[in-house]
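Here is a short note to read beside the model. Please keep the structure open and check each point as you go.

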Amino acid sequence: MLSNYGMAKRVLLLVSTTSYRADDFAVAAERLGVEAVLGTDRCHQLAELWDRSKFGGSLQVEFRDSAEAAARIVFEAQTRRYDAIVPTDEPTAEIAALAASLLGLPGNSPAAARTARNKRLTREALAREGVPSPPHQVFSEDQAPEAVAARVRFPCVLKPLLCAASRGVMRADDRAGFVIAWRRLHALLQTPALRAVEDPDGHRILVEDFVPGAEVAVEGILSKGRLEVLAIFDKPDPLDGPFFEETIYVTPSRQDAATQAAIARVTGDAARAIGLVEGPIHAELRLPAGAPPQAIEVAARSIGGLCARTLRFGLDGRSLEELVLQHALGEPIGPLERIGAAGVMMIPIPEGGVFQEASGVAEARRVALIEDVVISAHPGQVLVPLPEGHSYLGFIFARGDRPDAVEAALRDAHRQLRFRIARTLTG
Ligand code: ADP
Ligand code: CA
């Protein structure tokens with residue numbers, strides 16, 4: 001892809017230490033003939049894990065302070081022109097929005113990116129605009145849980161305001177359960193990395209009504225505030241708590257056409273209420289019987305982990321990353337048809353400990369419809385299950401004609417896998 005000056009276009013790709021996505025974006029950039037510069041907070045040694053030759057250079061950015069990170073990018077952009085800044089997760093979405101607004105590049109407003117990332121601001125925006133979403137209250141982590149428990153309805157969900165990947169999200173059905181869940185979340189918020197968060201919302205707890213029903217995820221792209229739905233994923237494993245582990249995603253959705261239309265409508269309304277107008281979004285909604293879909297969350301980023309690998313668009317099988325880069329560079333992205341069904345299983349952590357090895361991977365790969373099995377945990381890695389943890393053992397990918405067959409293949413493949421996990425002294 002060439003710019004007006006005949007030079008290859010250049011994007012700055014913001015990738016956090018813990019992200020899996022750098023490689024897939026690098027491949028996408030290469031296919032599009034776009035130069036991708038890697039903006040990362042990975043320390044030098046860790047950055048060696050990535051094949052830097054795939055990138056047109058890299059830029060060390062400390063992501064912890066969004067304003068500082070944006071200033072660093074703007075300074076760098078004086079000597080190296082960027083045509084777009086592409087984030088890959090919620091913290092980098094806020095930095096990208098700040099930097100883009102300072103550089104006059106198209107993107108979301110910093111306020112919108114900040115709202116999307118903060119569960120209190122999201123809930124307030126949705127309620128203000130009348131978008132269906134659960135009623136909520138916010139408390140300080142220092143409040144006495146027994147007193148808070150007297151002021152909430154059951155069943156409810158407790159969650160931190162600034163975390164992701166279901167970290168710290170717990171259901172409570174009564175006062176006694178609430179007090180236990182609150183103490184557990186409070187302890188999580190006292191761990192060093194979360195304790196260090198300067199934003200006061202890092203030290204508050206959101207409590208909202210538990211919304212029953214099936215859950216779906218929506219992948220979309222916004223252009224000038226208009227939502228193009230790229231995929232609706234069913235999450236066929238029930239997410240009823242007490243913790244909310246993501247496992248299987250399958251698309252296309254098996255919900256009926258009217259429900260899917262309502263899902264798209266609420267997602268678009270939620271994005272607009274938050275103020276998001278440009279770029280990828282990943283939303284979660286619950287579908288209570290006899291009520292409109294309820295917006296749980298809209299993130300200003302594309303789907304996380306390696307899950308985007310389930311999506312292939314058009315006859316040339318373009319990746320979601322290619323679409324995201326094309327859109328960021330102002331290129332048209334159609335056509336977007338997808339053929340057949342696809343799914344991914346985020347492999348849950350069965351127990352805490354130190355990861356030793358996975359077996360049965362070859363057998364899992366041989367299951368019909370299975371495209372790939374990726375074990376992303378590395379030997380020696382400390383595995384922390386939900387609700388305190390926020391990672392997976394790996395990913396299983398399947399593709400076929402029908403969503404039910406894809407789902408069955410994912411379950412079959414998962415049954416082939418065995419994980420050796422050593423107990424730690426504390427585990
Ligand atoms: P995160 O940003 O950590 O993913 P979410 O708010 O999206 O946090 O919550 C994670 C998961 O917890 C959701 O996908 C859903 O399954 C469940 N969940 C969260 N809030 C509710 C709710 N109010 N009612 C029912 N389930 C919920
Ligand atoms: Ca979520």
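**Notes on the ligand sites and one glycine**

1. Start with ligand 1. One of its nitrogen atoms lies 3.2 Å from an N or O atom in the side chain of Arg286. Keep in mind that this is a predicted model.

2. Two further polar contacts deserve a look. A nitrogen atom of ligand 1 sits 2.8 Å from a polar backbone atom of Val211. An oxygen atom of ligand 1 is 2.8 Å from an N or O atom in the Glu297 side chain. How much of ligand 1 does the protein bury? Alone, ligand 1 exposes 540 Å², and the protein buries 98% of that.

3. Now the shell around ligand 1. Strands E6 (156-160), E8 (204-209), E12 and E13 each give two or more residues to it. Of the 22 residues around the ligand, Lys119, Lys159, Ser166, Val211 and Glu215 come nearest. The shell divides into 11 nonpolar, 1 polar and 10 charged residues.

4. Which residues coordinate the calcium ion, ligand 2? Glu284 and Glu297 do, through OE atoms, at 2.2 Å. Glu284 belongs to strand E12 (residues 279-287) and Glu297 to strand E13 (residues 294-299), 13 residues apart.

5. Are these two glutamates buried or exposed? Glu284 has a relative accessible area of 10%, so it is buried. Glu297 is buried because its value is 16%, and the cut-off for buried is under 20%.

6. Last, Gly400. This residue is in strand E20 (residues 394-400). Gly400 is buried, at 14% relative accessible area. Leaving aside residues up to four places away in sequence, Gly400 touches Gly340, Ala341, Leu369 and Val406. Gly39 is 361 residues from Gly400 in sequence and 36 Å away in space, C-alpha to C-alpha.

Conventions: Residues are numbered from 1 along each chain as its sequence is written. Chains are lettered from A and ligands numbered from 1 in the order in which they are written. This is a predicted model: local features need pLDDT of at least 70, side-chain atom pairs count only at pLDDT 80 or more; totals for chains, interfaces and linings use all residues. Side-chain values use heavy atoms; hydrogens and water are left out. Helices (H or I, at least four residues) and strands (E, at least two) are DSSP runs, numbered from the N terminus. Buried means under 20% relative accessible area, exposed over 50%, partly exposed in between (1.4 Å probe, protein chains only). Contact means heavy atoms within 4.5 Å. Donors are N, O and S atoms within 2.8 Å of the metal (3.2 Å for Na, K and Ca); water is not among the atoms, so sites may look incomplete. A residue is near a molecule or strand if one of its heavy atoms lies within 4 Å of it. A polar contact is a pair of N or O atoms within 3.5 Å; within protein, one must be able to donate a hydrogen and the other to accept it, and residues adjacent in sequence count only if both atoms are side-chain atoms. Accessible areas come from the Shrake-Rupley method with a 1.4 Å probe; for residues, only the protein chains shown count as cover. Ala, Val, Leu, Ile, Met, Phe, Trp, Tyr, Cys and Pro count as nonpolar, Asp, Glu, Lys and Arg as charged, and the others, Gly among them, as polar.
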